[in-house]
Amino acid sequence: MTPDELRTFCLSFNDAVEDFPFGPETSVFKVAGKMFALTALGGHPLTVNLKCDPDLAVQLRAAHPEIAPGWHMNKRHWNTVTVDGDLPDRQLRELIEDSYDLVVAGLPRARRLRLDRP
């Protein structure tokens, strides 16, 4: 996945926005003001921090060397994924979608319902 593909995929989710609270080199993708992905799109190697269920996070780290505890994040709830081609794009997309879904699930019910509308 290229940096442009990563950005486009993160922005494809309902109500997703890109923000730069940490400076112009760090893209933060949010839904309803809550972060679901963080990346330096110009970084080499390209990495992305994604929210993850704590039990699944441990399993993913054990199974994939390109998935590590979240860099500068709560390591229980966040993973850093190196986007170097070793992890299939399909699986990376699933991890991004799972991160988005976890954040949406934590929103107040009324906000979640508004996100479900076309």
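Colleague: Let's start with Arg-7; which helix is Arg-7 found in?
Modeller: Keep in mind that this is a predicted model. Arg-7 touches Glu-18, Phe-29 and Leu-41, leaving out residues up to four places away in sequence. As for its place in the chain, Arg-7 is found in helix H1.

Colleague: How far apart in space are Arg-7 and Phe-29, C-alpha to C-alpha?
Modeller: Phe-29 is one of the residues that Arg-7 touches. In sequence the two are 22 residues apart. From C-alpha to C-alpha, Arg-7 and Phe-29 are separated by 8.5 Å.

Colleague: Is Arg-7 buried, exposed or partly exposed?
Modeller: Buried would need a value under 20%, and exposed a value over 50%. Arg-7 has a relative accessible area of 35%, so Arg-7 is partly exposed.

Colleague: Moving to the aromatic rings, how many aromatic pairs does the structure hold, and how is the one between Phe-13 and Tyr-100 arranged?
Modeller: The structure holds four aromatic pairs. In the pair of Phe-13 and Tyr-100, the centres are 4.6 Å apart and the planes are at 20°. Planes under 30 degrees apart count as stacked, so Phe-13 and Tyr-100 are stacked.

Colleague: How many residues apart in sequence are the parts that Phe-13 and Tyr-100 tie together?
Modeller: Phe-13 lies in the loop between helix H1 and strand E1, whereas Tyr-100 is in helix H3. Both Phe-13 and Tyr-100 are buried. The pair therefore ties together parts of the chain whose separation in sequence is 87 residues.

Colleague: What is the arrangement of the pair formed by Phe-36 and Tyr-100?
Modeller: Here the centres are 5.4 Å apart, with 85° between the planes. The pair links Phe-36 in strand E3 to Tyr-100 in helix H3, 64 residues apart. With planes over 60 degrees apart, the pair of Phe-36 and Tyr-100 is edge-to-face.

Colleague: Which residue lies over the face of Phe-9?
Modeller: Phe-9 belongs to one aromatic cluster with Phe-13, Phe-36 and Tyr-100. At 5.8 Å from the ring centre of Phe-9, the residue over its face is Arg-93.

Colleague: Now Asn-49: which side chain does the side chain of Asn-49 join in a polar contact of 2.6 Å?
Modeller: Asn-49 is found in strand E4, and with a relative accessible area of 4% Asn-49 is buried. A polar atom of its side chain lies 3.0 Å from the backbone oxygen of Trp-71. The 2.6 Å polar contact is made with the side chain of Thr-80.

Colleague: Over how many bridges do E4 and E6 pair?
Modeller: Four of the five residues of strand E6 are buried, so E6 is largely enclosed by the rest of the structure. Val-48 stands opposite Val-81 in E6. E4 and E6 pair in the antiparallel sense, and the number of bridges is five.

Colleague: Is the peptide bond from His-44 to Pro-45 cis or trans?
Modeller: Most residues other than glycine have a negative phi, and most peptide bonds are trans. Pro-45 has its place in the loop between E3 and E4. The bond from His-44 to Pro-45 has omega near 0°, and is cis.

Colleague: What is phi of His-72?
Modeller: His-72 is in the loop between E5 and E6, and at 63% relative accessibility His-72 counts as exposed. His-72 is a residue other than glycine, yet its phi is positive, near 60°.

Terms used. Residues are numbered from 1 along each chain as its sequence is written. This is a predicted model: local features need pLDDT of at least 70, side-chain atom pairs count only at pLDDT 80 or more; totals for chains, interfaces and linings use all residues. Side-chain values use heavy atoms; hydrogens and water are left out. Helices (H or I, at least four residues) and strands (E, at least two) are DSSP runs, numbered from the N terminus. Buried means under 20% relative accessible area, exposed over 50%, partly exposed in between (1.4 Å probe, protein chains only). A polar contact is a pair of N or O atoms within 3.5 Å; within protein, one must be able to donate a hydrogen and the other to accept it, and residues adjacent in sequence count only if both atoms are side-chain atoms. Rings of Phe, Tyr and Trp (its six-membered ring) pair if their centres lie within 6.5 Å; planes under 30 degrees apart count as stacked, over 60 as edge-to-face and the rest as tilted. A charge sits over a ring if NZ of Lys or CZ of Arg is within 6 Å of the ring centre and within 35 degrees of the ring normal. Two strands pair if DSSP finds at least two bridges between them. Contact means heavy atoms within 4.5 Å.
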